[in-house]
Amino acid sequence: MRALVTGGTGFIGSRVVDLLLKQGQVVRLFSRQRELPRRLQGKSVTIFRGDLSDPASLLDAMDGMDVVYHLGEIRNTSRHAAEMNVRTLEWVVDELWQAGIERIVFVSSLSVAGIPSQVPATEDTKPAVLLDDHYTWYKRTCEHILADQSNAASVVIRPGMVYGPGSRYLKGLVSSVQRLGPIGFPFIGNGLHAAPFVHVNDLAEAICLAGTRTPAVCQVFNITDGLHHSWFDFFKAIADASNKKFRILPFPSLLMRRPAQCLDLLLGLSGVKLSLNNYVRYLDSDILFDPARAKELLGWKPQENFYRSVENMVRQQ
């Protein structure tokens, strides 16, 4: 199997590439870098230099591949970036058949599922609240594009809150918990609502399975560990691994919604839509998804222990 991976040098993508190589697949990395990362040199992987802002270069990279794992994106919260990401996928979809691509795996976001109307939720659960920021709009639009095309088999993976060593965003969060936890870590509500966590290694496994398992075709998978861990559990685990005390400084959700609405309006003037008001509600709601579909159709099962993995993440930051 010959696999093209976009975003293959990132936090999630690098794990996906490692697993594909372990399975004996031939990997082509689509990247702005000129050379392979040192850890990949000498392995069955090549680099194709290109940029997602130039869809033509991505189309060239698809030539001779069997599967596309599309993890890469133009990272920005602006409408322009969101529209460019959608346009890139449209180009890719139009060329799938001609390029000989048999399957495309698109990594979306659990934010597309919104705040579920009941928990534990499934892929079929209707949302009580839809998130409509530019990032989620782009992911949702891409899902619709893939559902409507017939040029190749498609699979959509919606990751929850991804954690594990190697994320620059989590590095900042760990530092904040260590610094503010003993005096009071500011958060929306008490932090006791369920949050949809998934370890990066478990997510990478699900993405790889989506590219090979026949029952995965034309399916959408919400990928979380399915366990009732809260934001407080996550922050407290970080603090415990850091030998720090921890307490939450709660900000009432209702009190925060009005300033969030005002900030949304102001950001809208500059072409940025963050949907902050709905994210305030998101953090103060139970976001719990049952990964039964992934377990049944992908043969996937999360392996990482939550507390042990958080401890390892902190130690490796």
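Is Thr224 buried or exposed? Keep in mind that you are looking at a predicted model. Thr224 has a relative accessibility of 1%, and because buried means under 20%, Thr224 counts as buried.

Where does Thr224 sit along the chain? You can find Thr224 in the loop that runs between strand E12 (219–223) and helix H7 (231–241). Among the residues that Thr224 touches are Leu110, Gly160, Pro196 and Trp300, leaving aside residues up to four places away in sequence. Phe289 is also one of the residues that Thr224 touches.

| Backbone atom | Distance to a polar atom of the Thr224 side chain |
|---|---|
| Nitrogen of Gly226 | 3.1 Å |
| Oxygen of Phe289 | 3.1 Å |

Now let us turn to strand E8, which covers residues 153–159. How many of its residues are buried? The count is seven of seven, so by the under 20% cut-off strand E8 is mostly covered.

In a regular strand, side chains alternate between the two faces of the sheet. In E8, Ala153, Val155, Ile157 and Pro159 point one way, while Ser154, Val156 and Arg158 point the other way.

Strand E8 has partners too. E5 (residues 103–107) pairs with E8 in the parallel sense over five bridges, and Val107 stands opposite Ile157 there. E12 also pairs with E8 in the parallel sense, over five bridges. In E12, Phe221 is the bridge partner of Ile157.

Conventions. Residues are numbered from 1 along each chain as its sequence is written. This is a predicted model: local features need pLDDT of at least 70, side-chain atom pairs count only at pLDDT 80 or more; totals for chains, interfaces and linings use all residues. Side-chain values use heavy atoms; hydrogens and water are left out. Helices (H or I, at least four residues) and strands (E, at least two) are DSSP runs, numbered from the N terminus. Buried means under 20% relative accessible area, exposed over 50%, partly exposed in between (1.4 Å probe, protein chains only). A polar contact is a pair of N or O atoms within 3.5 Å; within protein, one must be able to donate a hydrogen and the other to accept it, and residues adjacent in sequence count only if both atoms are side-chain atoms. Contact means heavy atoms within 4.5 Å. Two strands pair if DSSP finds at least two bridges between them.
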